[in-house]
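Hi,

Here is the structure I promised to pass on.

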Amino acid sequence: MTADLNAAGLRRDEAAERLALFGLASPALLLVLIVMVLPVGWLFYVSFVGADGGFSMENYARMVREKSYGRIFLQTFNVSLLTTGLCILIGYPLAYFISGLPTRIANLCLITVLLPFWTSLLVRTYAWLVLLQKQGLVNTWAISLGLWDEPIKMVHNLTGTLIGMVHIMLPFLILPVYGAMRAIDRDYLKAAANLGASPTRAFWTVFVPLSAPGLFAGALMVFILCLGFFVTPAVLGGGRVILVSMKIVSNIELFVNWGAASALGVVLLALTFLILWVASKFVRLEQLTGGGH
Amino acid sequence: MTDQTKAALPITVRNITKTYGRVFALNDVSLDIRSGEFLTLLGPSGSGKTTLLMVLAGFTRPDRGSLTFGDREVIRTAPHLRDVGMVFQNYALFPHMTVAGNVGYPLRLRGVAKAEAGRRIERALETVQLGGYGNRRIDQLSGGQKQRVALARSIVFEPRILLMDEPLSALDKKLRDRMQIELRHLHEKLGMTTVYVTHDQREALTMSDRIAVVNHGRIMQLANPRDLYNQPANRFVADFIGDSAFLPVQREGSTVSFAGQPLTLAHPIPDAASLLLMIRPERLRLARDITEGMNTFQATVTEVVYQGDSFLLYARTGDGSELAMRGAIRGGTVSGLPATGDRITLGLDPADTVLIDGEEVRR
Ligand SMILES: Nc1ncnc2c1ncn2[C@@H]1O[C@H](COP(=O)(O)OP(=O)(O)OP(=O)(O)O)[C@@H](O)[C@H]1O
Ligand SMILES: [Mg+2]
């Protein structure tokens, strides 16, 4: 008898609590359903509709058939990888530098890193166009300083695309890396030194591995964002750097071919999920969102 | 045995001063640590213990002073070239390495061959009774195990000096008591010069060959546990170590008296302007235990407290001084104790009648 004391009542309370939680979450769930699941489902559906309005694999078959699609996907991966690599090369040392500063100064530095977030993406992209063009500020100054003699072509090509993309993406890398570095107890470095590690050795054997999850998270984020990036590469690439996103736009605007655009979208989405899935084999995904600490 | 002589190295600290702004974390500290000795730095919070240890390890750069290990001046030597082992208060075990990875880290840095390193890692782990734990992740260890791994990591490369900053403070009391004994045994076995930091006086008394009591960045007394407890050099040390009552005494030539009654002394009178009589509660005797030749004090009982293994009796002497007396509880004693308000006589052996310099130590 006493073994079951209040058991049924307590179970009911538990169930009621769960129901209440679900009730509270339902508006958000509904919103996700409307703005996420339905459009993606529709995209999926449209990609399988042929020119005659019936079911067709034509949109996917074309991707395999036409070499240009392969090139575009390759180019997209290439640009994304390069951008990610450059972001790491610039962002990691910068995050390291900031993480070693006293908290107040470090926060100030972080705000400067984040400042670009508050200005329009389009404005920043066009600003680069102005800076980097043949008669732009960079070329004029470099020539007057004697760094180079002839104006160098820095926009409407890969260089300009990369400069712009790295600039836009850098905060996405620096934030998680900085977070991971701040969380590293400096006693680890002292311990390493005490055990005989020179500062360089301690950096590579202790600091880098401990900040690696943050670096991985940041790099993954940048890479995935790059895969679908449109505005900056479109403006600064000047049509010479064609990415998947641009192909989607041209399919719709030029050819009004929703099916082909949708199929590209579906493939891009699938690739992104594939990358996330592979990445999850190496690192816990909560780190992407800053959770799990 | 031959290992022992190789393992130890004396440490000489000369006139080391370290200031933070206007705070003297270390104030002209000089200290000779003998080869192979277990020396404890004991002092209240903020007294400069960690600072001194960090100076020894090379993580804090003092303003001036000299530090030698053996006959090597190391005050300007970088931490990674000092070859001292250190156990950090929070252990600082690398979370991205296994137990064996942590313990093997100093060996990898020294280019020890893999097979040899494996043997030494296992031997170090066995020394701290963690044989076979090599593949564990750090977050799979209990506090006591982490402490042992940290210890194994700091001894595996056979440093001749070992530093420990409150290594047991994160452990519960039972484990702490056991680890104290184990650390002591380990020190006897390995014989390296050990500097240990704690603010727990019992821990210091249990483990050390000698104790340096630190306050306000100065060394107040350096002595072995027995002398420190029985013959504190000043009021700070007497107050900090153990409980004690301080009674005002008068001095006339070679006679010292309390409340007009001359005291029988077994120790020389300290050379000081003002003297205090220090009385440890456990050294006082009740009437029936008083023997011929003891100093006696008349007092009125103000409170009797039962503490399980012992009782504590508070009393006030004729001149208003407070005394405390601790006694063991054996069969009979409980009922035979005086009650509040009783007038009693307390006895103190001349050997326990300790006079100290009553001057407050100023910064
Ligand atoms: N980095 C620092 N900056 C400013 N003051 C410091 C710094 N480190 C220590 N101090 C000061 O130096 C004094 C000695 O500090 P220390 O850490 O050596 O004390 P401690 O004896 O180890 O104390 P605890 O028992 O609390 O660990 C303290 O007054 C402390 O405030
Ligand atoms: Mg300390």
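**Around the ligand**

An N or O atom in the side chain of K49(B) sits 2.7 Å from an oxygen atom of ligand 1. That makes it a polar contact (a pair of N or O atoms within 3.5 Å; within protein, one must be able to donate a hydrogen and the other to accept it, and residues adjacent in sequence count only if both atoms are side-chain atoms).

Before going on, some housekeeping: this is a predicted model, where local features need pLDDT of at least 70, side-chain atom pairs count only at pLDDT 80 or more, and totals for chains, interfaces and linings use all residues. Residues are numbered from 1 along each chain as its sequence is written, chains are lettered from A and ligands numbered from 1 in the order in which they are written, and side-chain values use heavy atoms, with hydrogens and water left out.

Back to ligand 1. T51(B) has a polar side-chain atom 2.5 Å from an oxygen atom of the ligand, and a polar backbone atom of G46(B) is 2.8 Å from an oxygen atom of ligand 1. On its own, ligand 1 exposes 630 Å², and the protein buries 60% of that (areas by the Shrake-Rupley method with a 1.4 Å probe).

How many residues surround ligand 1? There are 13, and S45(B), G46(B), K49(B), T50(B) and T51(B) are the closest (a residue counts if one of its heavy atoms lies within 4 Å). Helix 2 of chain B gives the largest share of this shell, three residues. Sorted by class, the shell has four nonpolar, seven polar and two charged residues; here Asp, Glu, Lys and Arg count as charged, Ala, Val, Leu, Ile, Met, Phe, Trp, Tyr, Cys and Pro as nonpolar, and the others, Gly among them, as polar.

**The rest of chain B**

Chain B has ten helices and 20 strands. These are DSSP runs numbered from the N terminus: helices are H or I with at least four residues, strands E with at least two. Of its 363 residues, 51% are buried (under 20% relative accessible area, 1.4 Å probe, protein chains only).

One open sheet in chain B has four strands in the order 18-17-16-19, with antiparallel pairing; two strands pair if DSSP finds at least two bridges between them. Strand 17 (residues 310-317) and strand 18 of chain B are joined by seven bridges, and A315(B) has L323(B) in strand 18 as its bridge partner.

Cheers

Methods: Buried < 20%, exposed > 50% of the residue type's maximum accessible area, 1.4 Å probe, protein only.
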